[in-house]
Amino acid sequence: MATLAPVGIDIAPPTNPAAVTGALRIMNLGGRPAHLQVLAPAAVTVDVDFTVTLRFGTDPDPEASRHKDIPLTIRVTPA
């Protein structure tokens, strides 16, 4: 669980988009510690991996040392 909320959340296209109906969404519900809610696509026909990057730091800030990107993979499986 993140102690601070990310300043940005980037979701890359899925590994096999033809197998996905809808989109993966991540909602930042705020609070401390931060609460992130992951909402799966409406349907997937096979296991689908989504690459997500959580960006922490001050934004906008040109100083790269004040930023931290944390990549993660979220797997969505058929119901």
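**Entry 1: a bridge pair.** I began with T53 and looked up its bridge partner in strand 7, which is P71. Strands here are DSSP runs of E, at least two residues long, and helices are runs of H or I of at least four, both numbered from the N terminus. The model is a predicted one, where local features need pLDDT of at least 70, side-chain atom pairs count only at pLDDT 80 or more, and totals for chains, interfaces and linings use all residues. Residues are numbered from 1 along each chain as its sequence is written, and side-chain values use heavy atoms, with hydrogens and water left out.

**Entry 2: the partners of strand 6.** How many bridges join strand 6 to strand 7? I found ten, with strand 7 covering residues 67-76 and the two strands running antiparallel. Strand 1, residues 8-11, also pairs with strand 6 in the antiparallel sense, over four bridges. I noted that two strands pair if DSSP finds at least two bridges between them.

**Entry 3: buried or exposed?** I turned to strand 6, residues 48-57, and found seven of its ten residues buried, so the strand is largely enclosed by the rest of the structure. Buried means under 20% relative accessible area, with a 1.4 Å probe and protein chains only. For the chain, 28% of the 79 residues count as buried.

**Entry 4: stepping back.** I counted zero helices and seven strands in the chain, and along the sequence the pattern reads β-β-β-β-β-β-β. The C-alpha trace spans about 40 × 25 × 15 Å along its principal axes. I also checked contacts, meaning heavy atoms within 4.5 Å. Of those with a separation of 6 or more, 56% are between residues 24 or more positions apart.

Definitions and conventions: Buried < 20%, exposed > 50% of the residue type's maximum accessible area, 1.4 Å probe, protein only.
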